[in-house]
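Biologist: I am new to this structure. Please show it to me, and then let me ask about it piece by piece.

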Amino acid sequence: MHMDNDLPPTPRQLQILRLAAAGYNLHQIAQTLEISRHTANNHRRKLFARLRVFTLSSALIMAYRQRLIDLDEIEPIRVPRMQP
């Protein structure tokens, strides 16, 4: 019998990971994907279980090492430059 964490991440879980890597917080991820914050959090929690990690940074490292994500394709949220 396979446990959930023996399976690879789902496309939705990887989508949430990419948004988090870009700098989106859970609320922004939920709004972007038009899902509830609770649902976004469940996807993230299950992703961490499948990758066997506890933090976002660890999830990114594991997903990158397993070639599940390409960090060059992720465009980070940029803070506008302050004008003097």
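Modeller: First, a term: helices here are DSSP runs of H or I with at least four residues, numbered from the N terminus. Note too that this is a predicted model.

Biologist: Then which helix holds Asn-41?

Modeller: Helices are numbered from the N terminus. H3 covers residues 37-51. Asn-41 lies in helix H3.

Biologist: Is Asn-41 buried, partly exposed or exposed?

Modeller: Buried means under 20% relative accessible area, and exposed means over 50%. Asn-41 has a relative accessible area of 29%, so the residue is partly exposed.

Biologist: How far apart in space are Asn-41 and Asp-70?

Modeller: In sequence, the two are 29 residues apart. From C-alpha to C-alpha, the distance between Asn-41 and Asp-70 is 22 Å.

Biologist: What share of the chain is buried?

Modeller: The chain has 84 residues. Its C-alpha trace spans about 60 × 30 × 20 Å along the principal axes. The accessible surface is about 6500 Å², with 53% of it on carbon and sulfur atoms. The buried share of the residues is 27%.

Biologist: How are H1 and H3 oriented to each other?

Modeller: Two packed helices are described by the angle and the distance between their axes. The axes of H1 (residues 11-22) and H3 come within 9 Å and cross at roughly 100°. Angles of 65 to 115 degrees count as roughly perpendicular. Therefore H1 and H3 are roughly perpendicular.

Biologist: Which residues of H1 and of H3 make the contact?

Modeller: By class, this contact has 4 nonpolar, 2 polar and 4 charged residues. H3 brings Ala-40, His-43, Arg-44, Lys-46, Leu-47 and Arg-50. H1 brings Arg-12, Gln-13, Ile-16 and Leu-17.

Biologist: Which residues form the largest nonpolar core?

Modeller: Nonpolar side chains tend to be buried together in soluble globular proteins. In this chain the largest such core has 10 residues. At least two come from each of H1, H3 and helix H4 (56-65). The members are Leu-14, Leu-17, Leu-47, Phe-48, Leu-51, Val-53, Ala-59, Leu-60, Ala-63 and Ile-69.

Biologist: How many residues are in the other core?

Modeller: The other core lies apart from the largest one. Leu-19, Ala-30, Leu-33 and Ala-40 are among its residues. Its size is 8 residues.

Biologist: Is Phe-48 buried or exposed?

Modeller: Phe-48 lies in helix H3. Leaving out residues up to four places away in sequence, Phe-48 touches Val-53, Phe-54, Thr-55, Leu-56 and Ala-59. Its relative accessible area is 15%, and under 20% counts as buried, so Phe-48 is buried.

Biologist: Which residues does Ala-63 touch?

Modeller: Ala-63 is a member of the largest core. Residues up to four places away in sequence are not counted. The partners of Ala-63 are Leu-17, Leu-51, Leu-68 and Ile-69.

Biologist: What is the phi of Arg-52?

Modeller: Most residues other than glycine have a negative phi. Arg-52 sits in the loop between H3 and H4. At 58% relative accessibility, Arg-52 is exposed. Although not a glycine, Arg-52 has a positive phi of about 60°.

Biologist: And what is the relative accessible area of Arg-67?

Modeller: Arg-67 lies in the segment after H4. Arg-67 has a positive phi of about 60° and is not a glycine. Arg-67 is exposed, with a relative accessible area of 77%.

Notes
Residues are numbered from 1 along each chain as its sequence is written. This is a predicted model: local features need pLDDT of at least 70, side-chain atom pairs count only at pLDDT 80 or more; totals for chains, interfaces and linings use all residues. Side-chain values use heavy atoms; hydrogens and water are left out. Axes are lines fitted to C-alpha atoms, for helices over the stretch in contact, and angles run from 0 to 180 degrees between N-to-C directions. Angles under 35 degrees count as roughly parallel, over 145 as roughly antiparallel, 65 to 115 as roughly perpendicular and the rest as oblique. Contact means heavy atoms within 4.5 Å. Ala, Val, Leu, Ile, Met, Phe, Trp, Tyr, Cys and Pro count as nonpolar, Asp, Glu, Lys and Arg as charged, and the others, Gly among them, as polar. A nonpolar core is a set of buried Ala, Val, Leu, Ile, Met, Phe, Trp, Tyr and Cys residues joined through side-chain atoms within 4.5 Å. Buried means under 20% relative accessible area, exposed over 50%, partly exposed in between (1.4 Å probe, protein chains only). Accessible areas come from the Shrake-Rupley method with a 1.4 Å probe; for residues, only the protein chains shown count as cover.
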